[in-house]
Structure formats: C-alpha cells, structure tokens
Amino acid sequence: MATLPTFRNGRIALPLGIVLLALLFLFLAVAASQQRDAQWREQLYNEARRDLSVLEQARQAMRGEARIAVYSLSQDPDVLRLIRRINTLIREHGRSHPEVLRLRVQLADHIDGFWQLLRQAGAEELQVNLIEDRSTLLRMRERDVWGDQHDEGNPLNQLVIDDPAIRSELTLHYDNASESAVAPLLADNRPDSPLIATLQVSFPALVDGPIDRSEGLSLLLEADSVPAGSLKHSMPLLGQGRWLQVEKHGAAMPPGVSDALGTLDQRTPERLYSNSDGTWLLSLLPLEAVADEQPADTPAPTALVLWRDISTQAAAHLREQRQLAGKWLLALVAACALFSLLQLSSYRAARRQVLRHADAIREESQKREHNRRLLEIIARTQSAYIQQNQMQVSLHEVLEQILALTGYQVGLLSQSRLEPDGTQTLQLQSSLDTRPHPEPAPRTLVDAMNASSSDQQARLIASDNPELHGAALLPLLFGGRLMGMLALSHGPDEAGPALLTFLAPLQTSLGQLLNAMRQREEHTALQERLERQRLALGSLNRIAADFGLSHQERLKRLLDLGCDYLQLDLGLVSRISGSTYEVIAASSGENSPESGACFDFEQTYCNLTYQHDDVMVIDSMGNSRFNGHPCYRTFALECYIGVALIVGNRRYGTLNFSASAPRARPFDEVDLDFMRLCARWCSGLLEQQAEQQAREALLQRFAKLNQHLPGMVYQYQLSSDGHSWFPFSSEGIGNIYDLTPEQAGIDARPAIELIHPEDHDRIVAEIGESARQLTEWRSEYRVRHPRLGEIWVAGYASPEPLANGDIVWHGFIADITTRKHIEQHLAREQQRLARIIDATGVGSWEWDMTAEQLEVNPRWLQMLGLPAARPQSIPAARWSELIHPDDRESARAQLLAHLRGETDHLRYVCRARHQDGHWVWIQSHGQVSRRDASGRALWMSGIHTDISQEMAAAEEVREARAFLSAVIKASTEVAVIVRQHPGQHHPVQHRC
C-alpha cells in the first residue's frame, strides 16, 4: 500500500516535467534565434564600419598627402623666389608685362614634375592664388587659363588669409567635394611679412574603395545647416529632405533606401531596410567639412553613407533561422524521452543511495579519528616552529608520531642544501627505526630520496627490493621551494594514494619548520658576515682618514683589506686602454704582479666584467660556462669577483679579487655590496688623483702660456688712496713697459708715465670711469718704450671690487704696432682711391646679389639727381626701374651673358631717368668679384660714367650727316664749300 502514493506522484510529475521542459526549450530557442539574429546584424554592421573606416583612412591619407605637398612647395626657395618676383612685377607693371609671362612659364615648368607625381597619386588640382587682386596666377590642370578672380567664397582659402598657416580640410563646392590643403606664401622670410599668395593642392573627397557593383557611396551635407542659395539648390535632396547629396560613387540609391536615410544619425549610424524589392544595409559615418557660402569658422555637418544590397544574405539567414528552429524541436523530443528514462531509473537509484550513505557514515568516523591524530602532529610541528630553540628534538618527536599514525616502521627526515655549484642535495636530519631489531638508515632509501630531490610530487615506490617496497616519499615544500624530504618504509600493504593525500597537510607544516631552521642558520651566518663587513668598513675609513699615505699606498691597503675580507689571494686595480690591461696597484703577496705590468685585455677575466653593469661573480670557474676562457687556461684562477671602475663618467678599469682555489661559500649580496662600496671609494680616489694631475698640468700650461704669449696678462689694483700696482703680471710686461713683474708689483706709476702724453689723460680718465661704473675697460694707446721706441698697445680688463674698498682689474695688454701700421697704410690707400674716383668723376657701385642691394658712392647718386650726402645702399631693383624701357632688355642680356661666364666684363650703355625727369646716358662697366663653390655669382663691382655730352655730340653728327645725305640725294649738283677766311665762303659748283 505504501507504493500507491509514490506511483500516483510519478504519474503527475512526468507530464508536468515534460511541459516545463517544453517551455524551457521554447524560451531557449527564441533566445538563441534572437541572439543569432543580433550576431548576424552586428557582423553586417561591423563589415560596413570596416569599409567606412578604410574609406576614411584613404581620405585622411589624401589629406596628409595634400598637406605634405603644399608644405614641400611652400618651402621650395625657387618657388618662393619666382612667386615673390611675379607678385612684385604685377604690382608695379601689371600682369601683361613680358617678364611676368616668362616667370609664370618658368614657375609652371619648375613645379611640373612635382605636379605629375601628384596626379599619379590622384590629385585633382594644384593652383597658386594671388592675394592682392584675388586672382589666380597658375592652375596646373589649365596652365593657359589665369588671371581670373579665384572664388572668394572658398572658406579654406579665407581661413589661411585670416590666419597664415597651413590648413587642410574636407571642402564642399557647388558640384563636388575635395580634400584640400592650402599653404600661405609670405613676401619674404620674416615671420611678420605680409601674405602675398596661397598655394592649394586638392585631392578627390571620395576614392574607389572596397565597394562593388551592389554597393553605393555618397557624401551628404545636412540640409538645415546650409542657408538658402545656389549651393542648396544645386544638390539633390535625400532622406525626406534632411540631407543634400554632394557626391556619389557606385550603384544608384533605390528610392526606398533614400527615404530611410532620414532615420540615420550619430546614435543610430546603421540600419537594415527591407521592402518588396529586397533588403539593404545602410551605414553612416559623421564628418566635418567647410562649405562654400558658409562662415569659415563654422564646420558644416557632413556624413559619409554606404548602402549595400544584402538580399541574398538575408534570405540565407532566414533559412538558417528555420533550420535552427527544427533542430530545437528535435532536441525537445529527445530531451522528453531522456527525462522519462531518468524518472524511471531514479526509483532504483534512491534505494542504493541509502545503503551507500550508511557505509559512508562509518568511514567518516574512522577518518575523523585519523584526522584528529594528524592535527596533533601538525600542532606539534607548529609548537616547534614557535619554540625555535628545540627544533632538532621536536623533529624526532614528530617523526615518532608519524610512524605511529601511518603504521610504517622506518622513517627518514632530511633537509635540502644548496651547493656552491647551484645544485640541491639532501642532508639527513633525523631517522627512526621501530622494528624489533633496529638498523642504520637503509642506504637504498637514502639514495631514493636523493634521486627524487628534483621531484615535488609525493609518490609511492613500486620496487621488488624489500627495503623499498611500498615506501612513501613526501617532498616538504614552503613557498614553492623544496625544504626537505620525508621517507617512510616497511609499512602496511594496504597503503595507497589515499595515504599521500591524508599526509598532505603535514607536508606543509614540516616544510614550514624546515624553512624556519634554514632561516635561523642563514640569519646567524649573515650576522657573522655583517660583523666582518663592519670591521672592514672601519679599516677602510681609517685608510681614507690617513692623509700621510700616498694614493698608491691607499690603493694597496684597500686591496689587502679586500683580500682579507673576501678570503681571496690576489687583488688588483687595473686601467684598461684599448686592448691593454695595465696593473695600477696590487695586493701584498709573493705572486702579485708589479705595478705597471701589462697584459692582453682579452686574456683576463676583466673583459667579462666589462660586459656587465654590476659586479661580476664566478664562484667556481671550472664549473661555470666560462671554463674555456684563456685566463683560466693560463693562470688557473678558480674564483673571481670584479667590478668596473667609473672615473669622470667614463670606464677607467676594474677592481678585482681572485684565487686559485674554488670558494667554499658562494658570494652573497653582502659581498656584492662590499665590492660596490670599494669600487666607489677606489673610483673617487682615482678621480682625485686625475684631478690633481690635471691641475698640475694646467698650472704648467698656464705658466708656459704666459711665457710665450705676445703680450702681458696682469692684475691692476687701485686703492682708495690713489696708490696703484700690479699684484700679478706675466713676463710679457717687459715688452710693453720695459718693467719686471717684481717692479710692477711695487708701484704702477713707472708704467703709467710711459704712456704717450697725447694719450695719457684719456687713459687715466677711462680707468677712473671704469672704476666708478664697474664696467669693462677697453682702449688702444701709444707707449714710449725705452728700448723699442713708440709702440701701439691694446688693453682689455674687467674690474672687481674688493671687500677693503680697492678695485682690481683682470686683463690682457697686447702689442698692436704692426696692425696699427697696416691700418694707417690702408687709410692712406683709401684716401688716394677716393681722390682718384673724385678726379675722374665716375660713380662706383657694388652689388650684393644675395641681399639684392647696391652700395653706391655720392657721385653715382649725383648723376641721377638723387641726394648724395654720403654713400648709400639702395635696392637693386631700383636701378632696373630707372633704366629706359627700350634699354632694359639689352642691359639684361649683357648682364646674363656675363653671369654665365660668356664675357670677361660687363659693358653696356643705357639711358637712366634723372630726378628732374629727363634722361641721362650712362655707360656701365663691371665684373663679378666673388662666386660661391658652385659658381653662382655673389658680388659684382663696377663704375658708371655720364656720357650724355658725348651722346649728344654724336647725335648732332648723325643728324648733320643725315641732312647732308638728304641734300645730296635731292639735287643734281654737288656744292662744295671751301672756307678760306673766317666768315667768307666761296661756292664751287661741279655739274654732275
């Protein structure tokens, strides 16, 4: 009767479970379908974003190319020179001037190669616009069309005019869009010079990117941001009047897609649009641009939209969704069948579970007892860890408890040790044998422990050897490092992996205890090393404080101290120059090399030290990776420690210690700190020695400099009571004042009295002014030298006030007699040349062709009626403006021929406009006086001669000859007039 309610409950639970399972599967199917649809849409959106990103990168690349292009051309000195020259000529003579046309063609030819490269890169236009008359100077696409007014509504060009700097933006026009860059061109190289022109390079705004025949791309402008005008009426409206289409590429936009554009914005940049014709994906990328007829400082809201026909992908996606729904239906049927089977089998499983639960309760009680005993052992180890003074006794007691708990009869406990060669070995700490007849620790078990020292996993040994059969090896770890090993043997036959799991907590406690033992030993050893280091540092301080020792003795005592502290045989301080290793100092010892001994640097361990930035340590060379080093084969040094010495921020050499026997204890961080301290101390000592040697060498050079200097270095001191003397003067004072430094050090009056009477008062006044104002004293004056006669000297000194009120000057006086004689001779020659030029009546000129300036004398200016008070500098273009228009081309041709080297001299005759308005005939002679390394002319010099009278006389002769020729041709007779007496003429006629 008890089974009836259970049966009835099963009949109710089965249909209810199937219904709930169906609802769960329905929910999961709907969620999976929605998730798949969202993933499909996100994949499409990501592809569209990637395509737009590629197009945007291409657009930015074109903008960058445009900026680079305008920058390169705006920095081209030839382009700047030509445009500045053309602007000047147009302003002065108009754009129809022949020179303007020639320079414009030259400018176009000069940048044509650059323009071809830009066209290959996709550029649309390169043009130069003049600022003054708002005209276009050059369009590379239409080189023959120029002079028209460039678009004043171009906002990018206006931005550069308002703020002269390179600008690059997306620019919208009436019929297209472009990525443009504009650079300003200034009148000259000064930052504050006026803007004369702009240079513009344009690339297409849209390029053929990753779009195919089923895709389209448009550049849109927000319609509300554009004021009513021609720009708004010239573009088609899209998105229900929200957007203006500036430019498009690819397939045409379907009408429905055009209306859907109105729903796209920055928050919803992608959308799928479907109708009876198909399905399309729309993606929008917001941009900013500057547009015509809009303020330059107000960016126009712009967008790049990409549409794509995805009808095929949408149909495939719908089929996949239907297939997924079918799969979920099949899964529901299978799940319902499985649920029914599980419901039937659960009745049988419940009874078996009750029986297993009773068995588990019994096993749990046994396990709790074992755990209680294990916790007692762990508590014992924790107590030993706290009471560190009896760790060894505690280890033995813990081992006894472990054997009693596990049933094993033999137990070994070892501790890990790090050998000098870096390997780990196990050292036996405690052993226990509880068999009736105890024996020493089994050798086979000890060997098994050592063989497993690298294994950090507990394991049971399966061996035919009765000593090892069933033995357990448990590594004792702390912080991931092996602290020791616990080995158990001669245990129960039923011991298995469960025993290893049971003893796992004990492994951690024993590892902690062994780690405490190791730390205590290391702490004791560290205290001993620190005490030895303290004693060594005290000795080092005593060496540093003993000023009676020389540098060499201090180095030797340092090396002896290091050998004693590090317990090594040999210590050296070396200097390394190239491939030479020189011993500077060595420690005391029979085998120590002498100071100054040299070795091959590559044959020493120090070449290894030079490859490290810190201390280089080798505990045992034979067991290291450097055992093939030449020094090891030659000197058999097993132990080495060294560090590079830095003197004056440069590597000087090394401080190193070595021994022929391996080191019993590896070098530790305390030893490395000792080496670093000794290296700094040694480097400081060597640097002091180098500075002392440098000071001595400097004093010697200064003494030699004073001895050979052609003049005198001195100190002149003036006291408040008027007394003056030279506290210091070099030996050169004898060549200036015929005094010795000792005589000048007593009184300066003998030197002052030798100053020429005409210069004496001036020099005394200048010294007094320098003393009052504390300003530098510079002067040139004459000295009546007793042996050399009258000499010229130049002096320079700077004053320094002293605490007692005196003033001392530090300075130098040199004999400039030879230079003065040369200057006087040059002055006489210049006066003679000026007299010759004045006597001949010619005007002289010098042309600085780099600065485009003419240096002219007063006579040159007088010929043209210009003010001529003194020589002046005028622009070279000023002379070109004064030449008669009919003579300019001939004069220019003569100038170019001479600059090209076709003529030795420049000669031409021209008419120049006088200040009063009439024309003066000028004959010009000149020659290039200086060229640079490439042969380009830098300076020209020449003269102008007024030949107006000669030209007038020649004109009269020409007119007389013309008149006589006309008379002869007009008559049949020739009249010959013979002058016999003043005022009497007798015609003689001959009939022809």
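User: Taking angles to run from 0 to 180 degrees between N-to-C directions, with axes fitted to C-alpha atoms, which strands does helix 19 lie across?

Analyst: In this predicted model, helix 19 (residues 757-773) lies across strand 23 (711-718), strand 25, strand 26 and strand 27, and its direction makes an angle of about 150 degrees with that of strand 25.

User: And what order do the strands of that sheet come in?

Analyst: The sheet is open and has five strands, ordered 24-23-27-26-25 with antiparallel pairing. Strand 24 (724-729) and strand 25 (777-785) are its edges, each pairing on one side only, and from one strand to the next the twist averages 35 degrees.

User: How many bridges hold strands 26 and 27 together?

Analyst: Nine bridges link strand 26 (residues 789-801) with strand 27 (residues 807-815), in the antiparallel sense, and within that pairing P799 is opposite W809 of strand 27.

User: Where does helix 20 sit relative to those strands?

Analyst: Helix 20 (residues 817-840) lies across strand 25, strand 26 and strand 27, and it runs at about 115 degrees to strand 26.

User: Switching to strand 1: is it enclosed or open, and why?

Analyst: Strand 1 (residues 125-130) has six of its six residues buried, so the rest of the structure largely encloses it. Both of its faces are covered, with E125, Q127 and N129 buried on one side and L126, V128 and L130 buried on the other.

User: Which residues stand opposite V128 in strand 5 and in strand 2?

Analyst: The bridge partner of V128 in strand 5 is L199, while in strand 2 the residue opposite V128 is L138. Strand 5 (residues 195-204) runs antiparallel to strand 1 and is joined to it by six bridges, and strand 2 (residues 136-139) pairs with strand 1 over three bridges, also in the antiparallel sense.

User: Last one: how do helices 2 and 3 pack?

Analyst: Helix 2 (residues 77-93) and helix 3 (residues 98-120) pack at about 160 degrees, and their axes are 10 Å apart. That angle makes the two helices roughly antiparallel, and the crossing is left-handed.

Conventions. Residues are numbered from 1 along each chain as its sequence is written. This is a predicted model: local features need pLDDT of at least 70, side-chain atom pairs count only at pLDDT 80 or more; totals for chains, interfaces and linings use all residues. Side-chain values use heavy atoms; hydrogens and water are left out. Two strands pair if DSSP finds at least two bridges between them. Helices (H or I, at least four residues) and strands (E, at least two) are DSSP runs, numbered from the N terminus. Contact means heavy atoms within 4.5 Å. Buried means under 20% relative accessible area, exposed over 50%, partly exposed in between (1.4 Å probe, protein chains only). Angles under 35 degrees count as roughly parallel, over 145 as roughly antiparallel, 65 to 115 as roughly perpendicular and the rest as oblique. A crossing is left-handed if the near helix is turned anticlockwise from the far one by less than a right angle, and right-handed if clockwise.
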